[in-house]
Amino acid sequence: MATTPRTNPSSIHLEAMGACQLRCPSCPTADGSIRPAIASGYLRFERFRQLLDDNPQVRAIELSNYGEIFLNPQLLDILRYAHVRGVALTAANGVNLNTVKPELLEGVVKYQLRAMTCSIDGASKETYPIYRVKGDFDTVLANVRAIVEFKRRYRSPYPVLTWQFIVFGHNEHELPAARRLAEELGMIFKPKISWDDTFSPIKDRAFVMREAGIHATRDEFAQATHVDYARPTCHQLWNEPQVNWDGKILGCCRNFWGDFGGNAFDDGLVPALNNPKIAYARRMLMGQEPARGDVPCATCDVYQRMVTDGRFITTSELRWHTFWTRLNGFARRQPRLYGVAREIYRRTGARRLLRPWLR
Ligand code: SF4
């Protein structure tokens, strides 16, 4: 039987909250599709502390994924403890920032959350809630401004703030205004292709390419670059595995339709991340084993495209991903450098070259 190396990552994804207060039309959290794999609940501080105490090799944790981290009632304790232990926390997958307690606005600065991606798909009170249903643009902006003010007061570069703008037909005209506002607030501006091209599709492709440097759909991106937009997500199975708030092993941040067996809190992180089912999934993604119905990847379109194209994950690709993940982590700790690097990446051919690894 072919084998892949045992994983013992220094970086993991750990969902802090399994629910969200918004009702975004294309979001699987909003329509309940994430259940039962993710379930409604939140990461308990005691579980988090135990995980850190038992796994000193873990130095970086991404907290955000399908839920809104600021709804976790124990988030402040989590931030504080990670800070004491020198573990770098990020919320780079995204937060909506609509409901944040005042002590947390200060806490993310005081306890040095390293990076935070704010999902703001619009530059006005009218446009923003068309996708972020139940959200309020002014509240989000006020919360960003409060964090910026705390950064100034603490003389801290953290969290590095990114304005993520999913481009739709209804908001594309606000790209220039959003970019200006992001610059004013010292945020990195990051336009993004929607994964659902049926909701409010882009109208003016040339304008969006010029303003945002992105394709209108992920299919167009794949045709132009010969790279599957979501393929880098699979690398997480080895380098930054996703753990649910209750310890279940979800493997990657895309998966919400089943778990890979094992529980990071009950079985220990390293044994859970190397249980037979996830080890089989890794071999499957490398084309070393056939698809198996009980492995979540079998039903994922990213894996299905690999099978169709015969382009499975390779060892050298994983090495590159490890390199870029570390470089990205280093860059995030140098906020100015990170901002400049992202801008060069956005404006130049590096975008096409590095896309498979740098997100
Ligand atoms: S195939 Fe799909 S579920 Fe499996 S690791 Fe890749 S993105 Fe995640």
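Predicted model: local features only at pLDDT ≥ 70, side-chain atom pairs only at ≥ 80, totals over all residues.
Reader: Let us begin with α3 and α5. At what angle do the axes cross?
Author: The axes of helix α3 (residues 102-110) and helix α5 (residues 137-154) cross at roughly 45° and come within 9 Å. That makes α3 oblique to α5. Helices (H or I, at least four residues) and strands (E, at least two) are DSSP runs, numbered from the N terminus. Axes are lines fitted to C-alpha atoms, for helices over the stretch in contact, and angles run from 0 to 180 degrees between N-to-C directions. Angles under 35 degrees count as roughly parallel, over 145 as roughly antiparallel, 65 to 115 as roughly perpendicular and the rest as oblique.

Reader: Is that crossing left-handed or right-handed?
Author: The crossing of α3 past α5 is right-handed. A crossing is right-handed if the near helix is turned clockwise from the far one by less than a right angle, and left-handed if anticlockwise.

Reader: Which residues meet there?
Author: From α3, the residues are L105, E106, V108, V109 and K110; they meet N143, A146, I147, F150, K151 and Y154 in α5. The residues of this contact of α3 with α5 comprise 7 nonpolar, 1 polar and 3 charged. Here Ala, Val, Leu, Ile, Met, Phe, Trp, Tyr, Cys and Pro count as nonpolar, Asp, Glu, Lys and Arg as charged, and the others, Gly among them, as polar. Two residues are in contact if their C-beta atoms, placed from the backbone, lie within 7 Å.

Reader: And α2 with α3, how do those two lie?
Author: The axes of helix α2 (residues 75-85) and α3 cross at roughly 15° and come within 10 Å. The two helices are therefore roughly parallel to each other. L75, L76 and L79 of α2 make the contact with E103, L104, G107 and V108 of α3. The residues of the contact of α2 with α3 divide into 5 nonpolar, 1 polar and 1 charged. The crossing of α2 past α3 is left-handed.

Reader: Which residues of α3 are buried, and against what do they pack?
Author: L104, L105, G107, V108 and V109 are buried in α3. A residue is buried if 20 or more other C-beta atoms lie within 10 Å of its own, exposed if 12 or fewer, and partly exposed in between, with C-beta atoms placed from the backbone. The buried residues of α3 pack against α2, β4 (115-119) and α5.

Reader: Turning to the largest nonpolar core, how many residues has it?
Author: The largest nonpolar core has 85 residues, and those with the most contacts inside it are A16, V108, C118, V167 and A281. Strand β5 (residues 160-167) gives the largest share of this core, 6 residues. A nonpolar core is a set of buried Ala, Val, Leu, Ile, Met, Phe, Trp, Tyr and Cys residues joined through C-beta atoms within 7 Å.

Reader: What does A281 contact?
Author: Leaving aside neighbours within four places in sequence, A281 is in contact with L237, G251, F260, V295 and C297.

Reader: And L285: buried or exposed?
Author: L285 counts as buried, because 24 C-beta neighbours lie inside 10 Å. L285 is found in helix α12 (residues 276-285). Its contacts, apart from neighbours within four places in sequence, are C234, L237, C297, Y303, F312 and I313.

Reader: What about A212?
Author: A212 lies in helix α7 (residues 205-212) and is buried, with 23 other C-beta atoms within 10 Å. Not counting residues up to four places away in sequence, A212 touches V167, L175 and P191. The C-alpha atoms of A212 and L175 are separated by 7.4 Å, although the two are 37 residues apart along the chain.

Reader: Now the backbone. Where is there a cis peptide bond?
Author: A cis peptide bond joins Y158 and P159, with omega about -5°. P159 lies in the loop between α5 and β5.

Reader: Which phi values are positive?
Author: Among them is A39, with a phi of about 65° although A39 is not a glycine. K134, also not a glycine, has a positive phi of about 85°. K134 is placed in the loop between α4 (128-131) and α5. Q112, which follows α3, has a positive phi near 55°.

Key: Residues numbered from 1 in each chain as written.
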